[in-house]
Amino acid sequence: MPAFLRLLLSLLPALVSCSAFTTMTGPVGGFRSQRPLPVDGTKLFDWKGMVHCHSYLSHDSKGTFEEIQAACERAHTDFVVMTDHQTDASVADGRRGMLGNTLFLVGCELRTPQGTVIAFPLTRPLRRWMHCAAMVQEAQRQGAILLVCHAEMWQDWNVPGLVGAEIVNLHAGAMTANPAWVLSSGLLLPSRFLMENIAIADPKVFAAWDEQLELRHPFAPVGGGDAHASIKVLGPLGGTIADYPEVFLTISTHVLARSLEEAAIVEAVKLGRTYVSFDVFHEGSGFDFRATQGALVHLPGATVAAAPELTIAVRTPAMGRIQLLKDGAVVVERTGTTLELRAPDAGVYRVVVFTELGAPWLFSSSIRVTTP
């Protein structure tokens, strides 16, 4: 018997059991105990969600809604936007409404000549392979919204009617890494190590997003989990990596809305009241970015006139390196859990937070400050 085959056979029991070895135990920093989490000074709540998730209704997944809901419970995920590759069945048979403590919304991932989009909520399928602008109009007729999916490959940012974009995507992060490294780390290292290293923020995507924010603020950021639970590093022998719990504990999209209802979640995304967290580095719930003016509170997505008493404030759930950007350039940076800028100049402001070790962690939506 060849030496390499003897080695493989000797390692096989450990490799087949790698899914048990690589299980992620939970978020760094732990979950916020208060659910739902109120947004201070408002009637809104911070709802934690998963955007971009596939089930057995996609050709490339066998996951069930029960498995997805169990992952939501483990990660304290309030809502999940299902984005199965569209078929008549994916829309007709998709899970809607509450399953346990989780709200399920039916959407799809669909190709257009400009790239891939996410559409939700859907009551009937969208026509395929239309120009994205026409697809926006068709979606709007049934109350759905469209977001750029896989922004790293998007071809035309001038399409009107889009409400936001995936600013980060775990599949894109995995494709950026060396495939041999992904395979070997998936086999031999704890899954947290793998998930941390595919939690990547592409500067080209953020540059394109900043251009859009100048043109059509708000343009809501979402994080693409792209969960399939179908990556078998040993083929039929098993060894699943990036399963539902691992993905749901790695990334989340938060929406600031009045209630955990479909209409409220969709409206909040349209208004730009979102932020994205790489929870694998630290649970992000409770991140706060706002502009205040006396008793008035302006949340992400808002437009407010410049004034001497206007203050932009940031609060993070743990220590980090906070960057406040205006029109894509850093204007204030500090390490801590809070940051303030008084009397900001006109421009579009957003926040990026890095961990103390320099990992990308939190990404806010934007607030536009106009001239008085």
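On a 1 Å grid over the protein atoms alone, a cavity is a set of points where a 1.4 Å probe fits but cannot get out, and its lining residues are those with an atom within 4 Å of a point. This is a predicted model, in which local features need pLDDT of at least 70 and side-chain atom pairs count only at pLDDT 80 or more, while totals for chains, interfaces and linings use all residues. Residues are numbered from 1 along each chain as its sequence is written, and side-chain values use heavy atoms, with hydrogens and water left out.

By that definition, the structure holds 3 cavities of 30 Å³ or more, where a volume is the space filled by probe spheres set on the points, which are joined across faces, edges and corners. The largest cavity contains about 110 Å³ of space. Its lining consists of 14 residues, and those nearest its centre are Gln 34, Arg 35, His 76, Asp 78 and Ser 285. Sorted by class, the lining has 4 nonpolar, 4 polar and 6 charged residues; here Ala, Val, Leu, Ile, Met, Phe, Trp, Tyr, Cys and Pro count as nonpolar, Asp, Glu, Lys and Arg as charged, and the others, Gly among them, as polar.

We turn next to the aromatic rings. Rings of Phe, Tyr and Trp (its six-membered ring) pair if their centres lie within 6.5 Å, and planes under 30 degrees apart count as stacked, over 60 as edge-to-face and the rest as tilted. A search of the whole structure finds 10 aromatic pairs. In one of them, the rings of Phe 65 and Phe 104 have centres 6.1 Å apart and planes at 85°, so this pair is edge-to-face. Because Phe 65 lies in helix H3 (residues 65-75) and Phe 104 in strand S5 (residues 102-106), the pair ties together parts that are 39 residues apart in sequence; helices (H or I, at least four residues) and strands (E, at least two) are DSSP runs, numbered from the N terminus. Phe 65 counts as buried at 7% relative accessibility, and Phe 104 is also buried, at 1%, where buried means under 20% relative accessible area, exposed over 50% and partly exposed in between (1.4 Å probe, protein chains only). Another edge-to-face pair joins Phe 278 and Phe 281, with 6.3 Å from centre to centre and 90° between the planes, and both of these residues are buried.

Strand S8 (residues 145-149) has 5 of its 5 residues buried, so it is largely enclosed by the rest of the structure. From S8, Ile 145, Leu 147 and Cys 149 point one way, whereas Leu 146 and Val 148 point the other way. Two strands pair if DSSP finds at least two bridges between them. Strand S7 (residues 115-120) runs antiparallel to S8 and is joined to it by 5 bridges, with Phe 120 as the bridge partner of Ile 145. Strand S9 (residues 164-169), by contrast, runs parallel to S8 and is joined to it by 2 bridges, with Gly 164 as the partner of Leu 147.

Strand S15 (residues 288-293) is likewise largely enclosed by the rest of the structure, because 5 of its 6 residues are buried. S15 pairs in the antiparallel sense with strand S18 (residues 311-326) over 5 bridges, and Ala 291 has Ile 312 as its partner there. It is also joined by 3 antiparallel bridges to strand S16 (residues 296-298), where Thr 292 stands opposite Val 297. S15 and S16 form a hairpin with 2 residues between them, and Gly 294 in the turn has a positive phi of about 65°.

Key:
1 Å grid on protein atoms, 1.4 Å probe; cavity = no way out; pocket = protein on both sides within 12 Å on 5 of 7 lines; lining within 4 Å.
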